[in-house]
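These are my notebook entries on a structure that I had not examined before. I set down what I looked up, entry by entry.

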Amino acid sequence: MAAFREIKPEEIGANPFRLIGSDWLLITAANAGKVNTMTASWGGFGVFWGKNAAAVVIRPTRYTKEFVDAAGRFSLCVPGDAYRKELQYLGAVSGRDEDKIAKANLTVLYEDGVPYFAESGLVLFCRSLYAQEMKADCFLDESLIGRWYPKLDFHTLYVGEIEKVLTK
């Protein structure tokens, strides 16, 4: 397995639309000695409050939300197409019910106490800066509610400062 090297956030060469929308991310955090992860295909990268940042959204029912809320730091891992089957599995099964990371045969590593996966090609380590629950009355395009939130289970938006980036 190739070794990681640190790069600056500005040196990430990947197309963010492909990286998030089609490659998928794993949002990963630790809490009380446990690690959990979930797939994500919504989010973005940019500058918030003068900091390089990532924005992700997590539904209230997701087990990983408890970990991100408690930890204050999380990683965004991009394993890539070679791990599509594992990503699909990790998005379909809850860590509440089984050790899905072990069943996906992923190797957990830690950087400054934040978990990430050895199988990743790119890892962003984020410190939580902001979290806000989405609300129906804030949608300017109300058609999004019917399409994406028929159960009214609105995401929480998280903005994290990108503290470190590792790539292979």
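Which residues are buried in helix 1 (residues 16-23)? I found Leu19, Ile20 and Asp23 to be buried there. I take buried to mean under 20% relative accessible area, exposed over 50%, and partly exposed in between, with a 1.4 Å probe and protein chains only. I take helices (H or I, at least four residues) and strands (E, at least two) from DSSP runs, numbered from the N terminus.

Basis of the entries. I am working from a predicted model, in which local features need pLDDT of at least 70 and side-chain atom pairs count only at pLDDT 80 or more, while totals for chains, interfaces and linings use all residues. Residues are numbered from 1 along each chain as its sequence is written, and side-chain values use heavy atoms, with hydrogens and water left out.

Entry on helix 1. I returned to the buried residues Leu19, Ile20 and Asp23 of helix 1. They lie on the same side of helix 1 because they cover an arc of only 120° around the axis, the arc being that of the directions from the helix axis to the C-beta atoms. An α-helix has 3.6 residues a turn, so residues three or four places apart point the same way. I then looked up the packing partners: the buried residues of helix 1 pack against strand 2 (25-31), strand 3, strand 4, strand 6 (73-78), helix 3 (84-92) and strand 9 (122-133). Contact here means heavy atoms within 4.5 Å.

I also checked both ends of helix 1. After helix 1 comes tryptophan 24, with a positive phi near 75°.

Entry on salt bridges. I counted a salt bridge where a side-chain nitrogen of Lys or Arg is within 4 Å of a carboxyl oxygen of Asp or Glu. The count by this rule is 13.

Glutamate 161 and lysine 51 form one of them, at 3.9 Å from N to O. This pair links distant parts of the chain, since glutamate 161 is in strand 10 and lysine 51 in strand 5 (residues 51-58), 110 residues apart. Glutamate 161 is buried because its relative accessible area is 17%, whereas lysine 51, at 29%, is partly exposed.

Arginine 127 bridges to glutamate 163, with the closest N and O atoms 3.6 Å apart. Here too distant parts of the chain are linked: arginine 127 belongs to strand 9 and glutamate 163 to strand 10, 36 residues apart. Arginine 127 is partly exposed at 31% relative accessibility, and glutamate 163 is partly exposed at 38%.

I noted that Lys51, Arg73, Arg127, Glu161 and Glu163 are linked in a network of salt bridges.

Aspartate 69 and lysine 65 meet at 2.8 Å, N to O. Both lie in helix 2 (residues 63-71), four residues apart, about one turn of the helix. Aspartate 69 is partly exposed at 44% relative accessibility, while lysine 65 is buried at 13%.

Entry on threonine 156. Where does threonine 156 lie? I located threonine 156 in strand 10 (residues 156-167). Threonine 156 counts as buried because its relative accessibility is 4%. Leaving out residues up to four places away in sequence, threonine 156 touches Val56, Val57, Ile58, Lys65, Ala131, Gln132 and Glu133.
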